[in-house]
Amino acid sequence: MITEEQVLERIRRARERRPRIRDERITLAHGAGGKASQSLIESMFVEAFRNPALELLGDGAVLGVDGARLAFTTDSYVVSPLFFPGGDIGDLAVNGTVNDLAVTGARPLYLSAGFILEEGFPTADLHRIVTSMAEAAKAAGVEIVTGDTKVVGRGKADGCYVNTAGVGVVEHTLSVARVRPGDTVMVSGPIAEHGVTVMLARGELDIEADLTSDTAPLHDLIATLLNAVPQTRMLRDATRGGVATVLNEMARTSNTAIVVDESAVPIRPQVNGACELLGIDPLYVACEGRFIAVVPAEDADTALAALQTHPQGRNAAVIATVQADPPGLVLARTAFGGTRVIDTLVGDPLPRIC
């Protein structure tokens with residue numbers, strides 16, 4: 001009989017193999033943030049563009065320029081529908097890039113905005129999106145200082161796609177390389193709200209729920225945490241692939257184990273109910289206004305208290321601990337006293353949500 005330890009060792013060895021892209025054509029799964037995305041990025045893009053900043057595979061690159069440390073990031077937004085409860089593609093594009101800068105320890109400063117518009121797209125909708133971007137940029141304390149516009153033929157762009165890039169000044173050193181066994185893992189609020197909200201907004205499912213996206217700029221909440229606990233190890237916003245994929249990337253890169261207390265993960269009942277009906281694990285559903293933080297165990301109470309003093313972090317919670325073994329794996333302690341492996345996302349259960 002194969003023991004639990006032998007099963008975990010086989011999984012660990014399999015996950016240490018170098019990612020390879022086996023598909024002959026790109027699928028939606030390659031943009032979902034899970035295993036297919038990891039294979040595409042590491043076997044195609046990193047191989048072609050390899051350099052020390054890129055190899056870290058962070059939310060943004062940290063670059064030394066004339067004695068200053070700058071963070072640089074970019075992201076593209078293809079959400080469908082363009083407008084959903086709690087937000088739209090415009091504020092999503094600004095908040096997402098602001099958050100990618102903030103979780104590197106940077107103070108976001110400037111953004112670019114690139115638009116790919118489909119012939120026939122209503123100018124009223126574009127004005128609504130641009131206005132939303134302007135309001136989001138003002139709320140985040142950043143300026144949109146450059147951009148680009150392209151128009152493609154009918155049926156070629158699903159209305160509007162937006163790309164934003166951002167630059168910020170790095171004020172705190174954060175890295176997955178700082179994660180140590182014994183550290184505490186926390187999440188800044190209830191998870192999975194953005195992905196489920198967008199999915200229900202499509203109207204393809206006969207499910208009604210009072211949900212809004214969690215899209216929001218996180219720079220102020222992150223500043224509150226880092227001021228209280230400068231020793232914070234790392235931060236990561238849980239977008240594509242959700243909390244589960246963030247934890248797996250963290251375990252794999254730091255060669256540690258992450259042990260999650262499932263009952264401690266904050267999930268609103270409406271979100272949990274919708275996920276159960278859809279057959280989706282909320283740990284894999286994207287957030288757009290939540291982050292994962294790793295802090296030394298002795299600073300966990302201070303960090304949690306700091307987060308909970310902020311309106312965006314009042315439902316923050318400790319969800320996991322970092323352990324030495326089994327390295328590279330994420331395990332969940334279930335409510336029934338059992339243990340299950342939380343693997344990296346496979347496939348794309350909710351496409352086009354960010």
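Okay, let's start with D59: leaving out residues up to four places away in sequence, D59 touches T73, D100, V103, R236 and D237, where contact means heavy atoms within 4.5 Å. Before I go on, this is a predicted model, so local features need pLDDT of at least 70 and side-chain atom pairs count only at pLDDT 80 or more, while totals for chains, interfaces and linings use all residues. Numbering runs from 1 along each chain as its sequence is written, and side-chain values use heavy atoms, with hydrogens and water left out.

So where does D59 sit? D59 is in the loop between helix 3 (52-55) and strand 1; helices (H or I, at least four residues) and strands (E, at least two) are DSSP runs, numbered from the N terminus. The D59 side chain makes a polar contact with the side chain of R236, at 3.0 Å. By polar contact I mean a pair of N or O atoms within 3.5 Å; within protein, one must be able to donate a hydrogen and the other to accept it, and residues adjacent in sequence count only if both atoms are side-chain atoms.

Five strands form an open sheet in the order 1-2-7-5-6, with mixed pairing; two strands pair if DSSP finds at least two bridges between them. Strand 1 (61-65) and strand 6 (143-152) are the edges, each pairing on one side only. Strand 2 (residues 68-77) and strand 7 (residues 160-170) run antiparallel, joined by eight bridges, and T74 stands opposite A165 in strand 7.
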